[in-house]
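Let's take a walk through a protein together, one selection at a time.

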Amino acid sequence: MITQVTQAPVTTPTRGDEQVNILLVDDQPAKLLSYEVILSELGENLVKAGSANEALEQLLKNDVAVVLIDVCMPDLDGFELAAMIREHPRFQKTAIIFVSAIQVTDLDLLRGYQAGAVDYVPVPVVPDLLRAKVRVFAELYRKTRQLETLNAELERRVAERTAELAEANADLEQRVEDRTREREAALAQVHEMRKVESLGQLTGGVAHDFNNLLMAVLGNLEILGKFIPDDPKLKRLIDGAIQGAERGATLTKRMLAFARRQELRPETVAVPELVDSMVEMLGRSLGPSIRIDTEFEPNVPTTRVDPNQLELAILNLALNARDAMPQGGRLLIAARAATVGSGDIPGLASGEYVCIAVQDTGSGMDEMTLKRATEPFFTTKGTGRGTGLGLSMIDGLAAQSGGAMRILSKLNSGTTVELWLPVAERVAVNRQRPVQAAPVEIRPCRVLVVDDDPIVLAGTAAMLEDLGHMPTEVESAERALALLQEQNGFDLVLTDHAMPGMTGTELATRIRRNWPQLPVALASGYTDLPGNETPDLPRLSKPYRQDDLARLLARMIDFKPAPPEPKPQRLPVSAAE
Ligand SMILES: Nc1ncnc2c1ncn2[C@@H]1O[C@H](COP(=O)(O)OP(=O)(O)OP(=O)(O)O)[C@@H](O)[C@H]1O
Ligand SMILES: [Mg+2]
């Protein structure tokens with residue numbers, strides 16, 4: 001007989017959650033009933049079994065907190081049942097309380113404990129005692145279960161937290177990896193910039209020295225040309241030498257452009273007009289197999305750039321395009337306005353720009369060529385055919401003008417080179433080409449020539465003498481100042497800028513302070529010129545020719561009231577320098 005009874009508690013048990021099962025085992029129904037009455041007060045679930053078998057069956061079906069066993073039963077004695085229960089792994093810790101009707105000896109007690117009893121209740125059963133004992137074990141069971149639940153919950157939370165941490169860790173690792181990669185890329189970029197910067201310095205320095213040499217060569221050849229007999233063969237030789245030196249001068253100009261040290265004369269330029277004025281000349285340079293198109297957005301704003309250098313840049317790009325299209329093709333020169341956000345285009349600050357795109361349908365560049373195209377002296381055109389300075393010069397011009405150059409190219413898909421130049425303040429375009437003016441007459445002048453390079457000094461002096469002037473040569477700014485203290489009567493000071501000790505610009509400032517009437521001109525090819533300090537200082541670009549020198553003098557001496565002079569001389573002069 002199996003009976004399951006759930007009794008409503010007589011007194012409210014003091015526990016916060018579910019009931020536990022208490023198994024009552026006795027072969028006498030009356031005793032079972034009496035246990036039930038006694039224990040019902042606990043409010044737990046009482047399960048009754050009339051035999052050992054029933055008891056085992058119940059145990060297997062339910063989770064039992066406490067088993068109350070009568071020691072003497074007909075089928076099985078209580079000790080044996082307890083031993084069987086204990087053998088089962090599930091019930092090794094189940095509390096077993098023995099109820100013994102007969103007087104138990106110490107030996108019996110010992111046997112009971114060995115069989116797995118945790119306590120004894122003697123007969124006659126004292127209800128309070130039985131309740132108290134059962135309650136203790138029921139509570140223990142409940143607390144153990146709660147502890148297990150809490151433990152499981154804790155483990156679940158730990159597992160959850162561990163998973164979260166692992167995820168956060170993976171995220172962190174990914175971010176560290178990303179940052180490291182970004183940092184490495186930035187470092188590589190800085191390294192590349194430093195490399196280009198030092199190449200620029202080196203190139204600038206070399207170009208400066210070459211300029212001085214070429215000045216001497218050109219100046220002397222020019223004067224020599226005037227003295228040699230009128231022999232066409234000799235004249236051809238001299239002209240050949242002059243052309244060679246001039247090509248050298250063009251090369252040094254390109255080197256200075258790459259080094260971002262060329263002297264720029266920015267003007268407000270309307271790009272469409274400038275490009276339109278070049279199309280005819282480009283057509284001649286590129287030949288009939290290349291079609292030239294232009295495409296300008298309406299109202300492209302004006303930009304601030306040196307127009308001559310921009311023309312040279314566009315011409316260079318067109319020549320590159322021609323070289324990439326040996327079978328012919330199409331060259332498109334386009335201009336548009338664009339707003340650039342920070343980081344949109346490498347090297348460009350955010351702002352308003354004019355983008356000039358020169359696009360061809362030529363061979364394009366492979367990855368390696370594209371990467372190296374702007375490196376100075378990088379060329380794929382073979383020795384003697386390309387200097388490899390074209391793109392680096394254009395890049396230098398764009399950067400020096402506050403813009404940037406960008407190349408978009410793929411092998412066999414043509415090339416687009418973009419020049420981004422800052423939009424000029426909205427002022428009227430005033431682009432006048434230098435006009436050769438009629439020669440003006442100029443008196444012989446006393447010119448103080450200052451240059452630390454003796455070859456340049458001697459060359460300039462020779463040119464001046466040949467023009468009928470009286471040069472005085474000094475090799476430093478300090479010497480020039482000392483001489484000016486000692487002697488009066490100089491009409492003009494022509495000084496180099498880059499000199500050890502005091503620079504030409506500093507010298508000019510001192511002269512202006514002490515001898516405000518004395519005009520000063522700066523000769524320089526290598527412009528670290530602090531342009532803003534003396535913006536109105538007349539300049540002569542090295543290497544200069546005798547004509548350039550004559551024009552400068554005419555322009556400057558004009559400013560002075562001419563005293564009564566001996567023999568005047570005719571010189572070619574440009575009014576729009
Ligand atoms: N439009 C283009 N299409 C394909 N490749 C080009 C183009 N422009 C330049 N390149 C590649 O970039 C290299 C460098 O060009 P860059 O203008 O600096 O020098 P270069 O043309 O070789 O020499 P130089 O300009 O002195 O004649 C070229 O040799 C060529 O390989
Ligand atoms: Mg080129």
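Before the first stop, one definition: two strands pair if DSSP finds at least two bridges between them. Keep in mind, too, that this is a predicted model.

**Stop 1: the whole protein**

Show everything as a cartoon. The protein has 14 helices and 20 strands. Of its 577 residues, 33% count as buried. Among contacts between residues at least 6 apart in sequence, 71% join residues at least 24 apart.

**Stop 2: a parallel sheet**

Select strands S15 to S19. Here you meet an open sheet of five strands, in the order S16-S15-S17-S18-S19, and the pairing is parallel. Which strands are at the edges? They are S16 (470-474) and S19 (539-541), each of which pairs on one side only. From one strand to the next, the twist averages 20 degrees.

Zoom in on S15 (residues 446-450) and S16: these two run parallel and are joined by five bridges. For one example, pick Val449, whose bridge partner in S16 is Glu473. H12 lies across S15, S16 and S17 (492-496), and runs at about 150 degrees to S15.

**Stop 3: a mixed sheet**

Strands of a sheet pair through backbone hydrogen bonds, and the pairing is either parallel or antiparallel.

Select S8, S10, S11, S13 and S12. In that order, these five strands form an open sheet with mixed pairing. S8 (290-296) and S12 (404-409) each have a single partner strand, so one side of each is left without a neighbour in the sheet. The twist in this sheet averages 20 degrees from one strand to the next.

Go across it pair by pair:

- S8 and S10 pair in the parallel sense, over seven bridges. Look for Asp293, which stands opposite Leu332 in S10.
- S10 (residues 329-340) and S11 are antiparallel, with 10 bridges. Val340 stands opposite Gly351 in S11.
- S11 and S13 (residues 415-422) are antiparallel as well, with eight bridges. Tyr353 has Pro422 in S13 as its bridge partner.

Is S11 (residues 351-360) mostly covered or mostly open? S11 is mostly covered, as seven of its 10 residues are buried.

**Stop 4: helices on the mixed sheet**

H10 lies across S12 and S13, running at about 135 degrees to S12.

**Stop 5: H8 and its two helix partners**

Select H8 (307-324) and H7 (residues 271-286). At what angle do their axes cross? The angle is roughly 35 degrees, and the axes come within 11 Å. This crossing is right-handed. Show side chains where the helices meet: Leu274, Val275 and Met278 are among the H7 residues there, and the H8 residues include Leu310, Ile314 and Leu319.

From H8, Gln309, Ala313, Asn316, Leu317 and Asn320 meet Gly390, Ile394 and Leu397 in H10. The residues of this contact divide into four nonpolar, four polar and no charged.

**Stop 6: ligand 1**

How many residues surround ligand 1? There are 23, and the closest are Asn320, Ala324, Thr379, Gly386 and Gly390. Colour the shell by class and you will find seven nonpolar, 14 polar and two charged residues.

**Stop 7: Pro376**

For the last stop, select Pro376, in the loop between H9 (367-372) and H10. Why does Pro376 count as buried? The cut-off is 20 or more other C-beta atoms within 10 Å, and Pro376 is buried because 23 lie within that distance.

Show what Pro376 touches: leaving out residues up to four places away in sequence, these are Leu199, Thr203, Phe258, Gly388, Leu389 and Ser392. Then find Arg254, which is 122 residues from Pro376 in sequence but 9.9 Å away in space, C-alpha to C-alpha.

Terms used:
Residues numbered from 1 in each chain as written. Chains lettered and ligands numbered in written order. Predicted model: local features only at pLDDT ≥ 70, side-chain atom pairs only at ≥ 80, totals over all residues. Near = placed C-beta within 6 Å. Helix = DSSP H or I, 4+ residues; strand = E, 2+ residues; numbered from the N terminus. Nonpolar A, V, L, I, M, F, W, Y, C, P; charged D, E, K, R; others polar. Axes fitted to C-alpha atoms, helices over the stretch in contact; angles between N-to-C directions. Left-handed = near helix turned anticlockwise from the far one by under 90°. Contact = placed C-beta atoms within 7 Å. Buried ≥ 20, exposed ≤ 12 C-beta atoms within 10 Å, placed from the backbone.
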